[in-house]
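User: Hi! Could you walk me through a few features of this model?
Analyst: Happy to. Let's have a look at it together.
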Amino acid sequence: MRTCRWWRYNNLLDRSGSLSICSLCKLGVKVAHQQDLFASPKPHTHAKLRILRDYLSAWTSILSNQSWVDELTYVDAFAFKGILKAGLRDDSTSEYGSPLVALDIFERQAIKRTNKTFNILCFEEKEKYYRELVNNLDLNFPKPKTNIVLEKGEFFNYLSGNGGNIELNSPIFTFLDPNGVRGIPASLTRKLLNIPNSEIFVNLMSGFIRRFVSVPSFQRHLVNTFDNQEAVNRIMGSNNRVEALIREYMKLLKSFGNIYVKYFEIQTRKGNTLFHLFFATSNVTGFKIMKDVMWNISTEEGYIFCDASSHNRLLLSKDQLLLLDSRLKNEVLDYVRRFNVVKVSSLYKHINQESEYFTENHARRMLKELEETRIVYIDRQSESKKIPSSASVRLVVNEY
Ligand SMILES: C[S@@+](CC[C@H](N)C(=O)[O-])C[C@H]1O[C@@H](n2cnc3c(N)ncnc32)[C@H](O)[C@@H]1O
């Protein structure tokens with residue numbers, strides 16, 4: 001079976017999706033069934049953890065093979081209890097929360113194959129959850145090889161030197177998953193992104209912020225998160241508060257250095273914004289991998305996961321596919337037009353680093369299509385059918 005051009009981004013379910021026909025390209029597309037996808041009534045929680053798991057898995061396997069890396073550290077600053085009840089309808093099924101997702105990757109995937117050191121640091125301020133976390137880790141991984149530090153309290157305090165003596169050895173991946181906006185001040189995100197080879201994955205409660213931005217007690221925390229009152233005022237005064245807060249948070253994270261930022265929206269069943277996941281890194285490979293991971297989990301255009309979209313239906317509509325296609329085409333052609341003749345390698349690099357949605361894989365496919373339709377000419381400098389990165393591209397038709 002040939003695959004639909006967007007298929008690889010639709011195969012959220014690769015175990016038992018049934019086969020349908022893509023309305024645009026008439027090739028087979030897997031349609032996801034909610035029941036198969038996530039047994040839980042809250043698919044977005046699983047989407048969030050799936051992004052974490054897929055990215056951490058790639059991060060761990062790439063970095064644990066690097067000779068310059070001695071140890072890898074995962075920090076869970078808002079750990080919760082380690083196990084989530086997956087379904088209110090079926091209380092017997094439980095699933096891993098973020099600390100266990102990370103530990104599972106380290107224990108099962110990595111530790112046996114390398115002699116590197118793996119660390120997990122978890123922070124949970126609620127006594128009850130902290131105790132459950134200790135038990136759940138112990139029950140599921142009785143003799144872990146990973147060094148585990150569990151702290152009852154705030155990560156920020158520890159990092160500021162008030163509470164403990166924790167050394168953060170890079171590479172570090174930190175998950176900041178609060179249930180409000182308290183606890184993720186800009187001083188913390190800045191500190192983390194100033195550490196070399198340190199990446200952050202932040203859950204910003206955008207739906208919540210949009211509604212409560214003008215409440216004074218809430219604003220205090222927001223000012224800390226966004227670093228200044230002016231940014232909060234701009235969000236409050238905007239007629240699209242969600243867009244404004246995305247803009248402000250991107251600006252903030254990028255101001256910490258040479259940082260790539262990718263965000264992903266999580267929506268409710270009715271299509272309302274629930275929260276945004278922001279990933280920030282100084283590593284371009286990490287940025288590319290996270291874009292791919294988000295595409296794989298997305299139900300809408302690579303940057304949204306909507307609970308309603310995980311029902312039986314084609315994940316991308318014909319209009320969405322067309323829109324995506326023309327967006328990608330414009331991004332590729334704009335770059336070629338800017339320089340007249342460009343190296344394929346620099347086009348890929350540009351798309352990887354600058355495009356908000358697309359990756360090298362998308363650009364590669366679009367280049368082939370533009371060549372077939374004689375919109376661009378590709379000088380391969382060889383007989384190869386494939387497009388080598390050393391090839392150059394120019395426009396054939398000027399009006400493009
Ligand atoms: C959304 S839950 C985290 C879920 C977790 N990432 C998972 O996947 O299982 C947020 C947790 O952070 C805890 N929490 C909230 N504020 C905190 C803070 N400032 N420091 C440490 N823990 C905090 C809450 O008690 C709650 O258990």
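Analyst: One definition to start: a residue is buried if 20 or more other C-beta atoms lie within 10 Å of its own, exposed if 12 or fewer, and partly exposed in between. Also keep in mind that this is a predicted model.
User: Okay, so is Asp227 buried, exposed or partly exposed, and why?
Analyst: Asp227 is partly exposed because it has 18 C-beta neighbours inside 10 Å.
User: And where is Asp227 found?
Analyst: Asp227 sits in the loop that links helix H9 (216-226) to helix H10 (229-237). Its phi is positive, about 80°, although Asp227 is not a glycine.
User: What about Arg374, which phi does it have?
Analyst: Arg374 also isn't a glycine, and its phi is positive at about 55°. You'll find Arg374 in the loop between helix H15 (360-372) and strand E14 (376-379).
User: Is Arg374 buried or exposed?
Analyst: Arg374 is exposed, since 9 other C-beta atoms lie within 10 Å.
User: New topic: helices! How do the axes of H3 and H4 cross?
Analyst: The axes of H3 (residues 43-63) and H4 (residues 98-110) come within 10 Å and cross at roughly 30°. The crossing is right-handed.
User: Which residues meet there?
Analyst: From H3, they include Leu49, Leu52 and Leu56, and from H4, Val101, Ile105 and Phe106 are among them. By class, the contact of H3 with H4 has eight nonpolar, five polar and one charged residues.

Key
Residues are numbered from 1 along each chain as its sequence is written. This is a predicted model: local features need pLDDT of at least 70, side-chain atom pairs count only at pLDDT 80 or more; totals for chains, interfaces and linings use all residues. Helices (H or I, at least four residues) and strands (E, at least two) are DSSP runs, numbered from the N terminus. Axes are lines fitted to C-alpha atoms, for helices over the stretch in contact, and angles run from 0 to 180 degrees between N-to-C directions. A crossing is left-handed if the near helix is turned anticlockwise from the far one by less than a right angle, and right-handed if clockwise. Two residues are in contact if their C-beta atoms, placed from the backbone, lie within 7 Å. Ala, Val, Leu, Ile, Met, Phe, Trp, Tyr, Cys and Pro count as nonpolar, Asp, Glu, Lys and Arg as charged, and the others, Gly among them, as polar.
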